[in-house]
Amino acid sequence: MSQLEAQENRILWRYDNQMLVVEPWGPNSLRVRATCQPTLAEEPWALLPRPAAEGVTIERQDDQLILRNGKAKAVLNDKGRLSFFNQRDELVLEEFWRQRSSVGIGTVEKGKDKYISALKLDARAFRPIPGGKHQLTVRFEARNDERIYGMGQYQQPCLDLKGCVLELAQRNSQASVPFMVSSLGYGLLWNNPAVGQVSFAKNLTEWRAEVTGQMDYWLTVGDSPAEITRQYGRATGTAPPMPAFATGFWQCKLRYRSQEELLSVAREYKRRNLPISVIVIDFFHWPKQGTFRFDEEYWPDPKGMVEELKGMGIELMVSVWPTIDATTDNYKEMKAQGYLVNSDRGVSLTLDFLGNTTFFDATHPGARQYVWGKVKQNYYDAGIRHFWLDEAEPEFRAYDFDNYRYHRGTVLEVGNIYPRDFAQAFYDGLQEQGEREVINLVRCSWAGSQRYGVLAWSGDVHSSFVSLRNQLAAGLNMGMAGIPWWTTDIGGFQGGHVEDPAFQELLLRWFQWGIFCPVMRLHGYREPHVAPEKAYGADGAQQCNSGAPNEVWSYGEQNLAIMTAGLQLREKLRPYIGRQMDVAHQHNDPIMRPLFFDFPQEAESWQVEDQYMFGPDILVAPILEEGVRQRRVWLPAGASWQDLHGETYPGGNWVEADAPIEAIPVFLRQGAAVIDELR
């Protein structure tokens, strides 16, 4: 016989070697864990400490226990079958069981269980693997009327993820942030950093962790997408206050090769009276990877550089890679201390880009402190406060996840947490120095990254309209997954020739969309590439080539005029963006979000995937195809709308909006304060 019991504010089921626990974890929310180990692990992973439970009730009805926490209700029967309901007793999610003796909850039809089956499939399948851990598969019933959003950043155009199969793993341009928001009124965090997969199929929803000690997920119930994401923000943390400068324009390229080159670009922006808030130093400004300092031949006076930029009102951000070159003294010391990622097979070499390098182990507290100590000595003490944490997945030379091992476990078991721990190293270090407005650009994220000042961006994406369309879906789903600070390389990272008219059109459309992204950042590896002055193989700046110029004046006078108008528009938007950042800090609301976030009652808001809201008052309809000069736009009901020329339109209608090469369609909610700010 199984054991089903209530323990204080939680319910517990035991049978054979499996134990399942359901307990309240924040308003309208539940944490569900199961294991075949002797005890449950108390590792929080993405979750903050459990808040005090208020108003929780547990009652027994026949062979089942019912736990209510606000709007969330869990029903667990003596066979271990689990289902979830909202406050109206509407089923929102139930486990998938196919056994001869299966007794589901809320599924009985005419006195018979419709899930009795000879398939012998359990909802929670722990498959033993060598070493004492398990491969875990968790199955839920699928519903065809469900739409699914969030889950992080994937390079595909689907906003609604129903029908998608997603790898739960970090790669360059892919960020696994496993929090989903359902149109059925619930959100689910897969609170497990293991490499795996999720399938949101028509016939089955299935989560898999390749190596784990236990099942762990968090479920929340709400009456709107905003309520669901806000409860997630309370459970995992919100973004910190965004520094005011960060809402302006960021200038970046691969790569400024010297202090003088970078300062000349900054001076030119000021000479032309063009808005600029941040300029970025990319990789290989160092002698060797893992030295965590400037190459003095090309960057002789970092402190003076910072002071001159400050005098122009420009903040400096500097790239830091997690790679440690095997020929450096830091490598020898870090290897001896156990601060490097290890390989289970072969040589412990994780990346061979311009040197034999190994990633530092960001999951090791000592390694985080060591790296920050070097960064503080060589960057922070020179006045640099903002860092670009590139290669943060990390980007293994081969994504053989089964071959690498971190301090906290194998990559198969804990690998997805690396970018969050990388960000935490810098967040904690800056906080210790008294910095309270922390923002670091990070090329990956996991659940909870937002609370460490992470500005995620979409990685090394191609310069094409296909890629542009993918970035729109990626940015919206990152916001729904709880990462409100997000950006992309305007123009794409690779493949764009500065003199190609087709690329220039793409750049303009990407730039116009970038005005209405949380952070507006121009970056790329433009063609034709520029070879180093010295022969390849030298240290520092001479180790690799650079891209062509990538400043707004690099593309001709006509395109400069269009981008200048865009920069001026962004400047006028900054008070509005700042207010949205304040809301993100308080509640973790996404800055850019699908229409249904603000208009959940309208069917069209769930169907339209190529336009979005930028905060509550600006509707943006990007141009995502070459040669398009007009597009159809849905204006939600419940408001009247005004375009940037002052013409008004009633809500609840489709309109044909002009999209000349100079601008994309943008509509403002009638009566919003931002209308006056844009005049």
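Which residues in H4 meet Tyr370, Val371 and Lys374 in H5? In this predicted model, the residues on the H4 side are Asn330, Glu333 and Met334. Sorted by class, the contact of H4 with H5 comprises 3 nonpolar, 1 polar and 2 charged residues. Helix H4 spans residues 329-337 and helix H5 residues 365-378, and their axes lie 11 Å apart at an angle of about 155°. Since angles over 145 degrees count as roughly antiparallel, H4 and H5 are therefore roughly antiparallel to each other. The crossing in which H4 passes H5 is right-handed.

Helix H5 also holds Arg368. Arg368 counts as buried because its relative accessibility is 13%, where the limit for buried is under 20%. Leaving out residues up to four places away in sequence, Arg368 touches Phe360, Ala362, Thr363, Asp421, Gln424 and Ala425. Phe360 is also a member of an aromatic cluster.

Aromatic pairs were counted by the distance between ring centres, and the count comes to 48. In one of them, Phe283 and Phe284 have ring centres 4.9 Å apart and planes at 75°, so the pair is edge-to-face. Phe283 is buried at 8% relative accessibility, and Phe284 is buried at 0%. The pair formed by Phe396 and Tyr404 is stacked, because the ring planes stand at 5° with the centres 4.0 Å apart. Phe396 and Tyr404 are both buried.

From H9, the residues Gln504, Leu507, Leu508, Phe511, Gln512 and Gly514 take part in the contact. They meet Asn559, Ile562, Met563, Gly566, Leu567 and Arg570 in H10. By class, the contact of H9 with H10 has 6 nonpolar, 5 polar and 1 charged residues.

Several loop residues have backbone features of note. A cis peptide bond joins Glu393 and Pro394, with omega about -5°. Pro394 is placed in the loop between strand E27 (386-389) and strand E28 (404-406). Glu527 and Pro528 are likewise joined by a cis peptide bond, with omega about 0°. The loop holding Pro528 runs between strand E35 (525-527) and H10.

Positive phi occurs at Asp16, which is not a glycine, with a value of about 55°. Asp16 sits in the loop between strand E2 (10-15) and strand E3 (18-24), and Asp16 is exposed, with a relative accessible area of 73%. Ser173, also not a glycine, has a positive phi of about 85°. The loop that contains Ser173 lies between strand E15 (165-168) and strand E16 (175-182). Ser173 is buried, its relative accessible area being 13%.

Val56 occupies the loop between strand E4 (29-35) and strand E5 (57-61). With a relative accessibility of 17%, Val56 counts as buried. Apart from neighbours within four places in sequence, Val56 is in contact with Asn9, Pro24, Leu67, Arg68 and Asn69. Between Val56 and Ala481 the C-alpha to C-alpha distance is 27 Å, and the two residues are 425 residues apart in sequence.

Key. Residues are numbered from 1 along each chain as its sequence is written. This is a predicted model: local features need pLDDT of at least 70, side-chain atom pairs count only at pLDDT 80 or more; totals for chains, interfaces and linings use all residues. Side-chain values use heavy atoms; hydrogens and water are left out. Helices (H or I, at least four residues) and strands (E, at least two) are DSSP runs, numbered from the N terminus. Buried means under 20% relative accessible area, exposed over 50%, partly exposed in between (1.4 Å probe, protein chains only). Contact means heavy atoms within 4.5 Å. Axes are lines fitted to C-alpha atoms, for helices over the stretch in contact, and angles run from 0 to 180 degrees between N-to-C directions. Angles under 35 degrees count as roughly parallel, over 145 as roughly antiparallel, 65 to 115 as roughly perpendicular and the rest as oblique. A crossing is left-handed if the near helix is turned anticlockwise from the far one by less than a right angle, and right-handed if clockwise. Ala, Val, Leu, Ile, Met, Phe, Trp, Tyr, Cys and Pro count as nonpolar, Asp, Glu, Lys and Arg as charged, and the others, Gly among them, as polar. Rings of Phe, Tyr and Trp (its six-membered ring) pair if their centres lie within 6.5 Å; planes under 30 degrees apart count as stacked, over 60 as edge-to-face and the rest as tilted.
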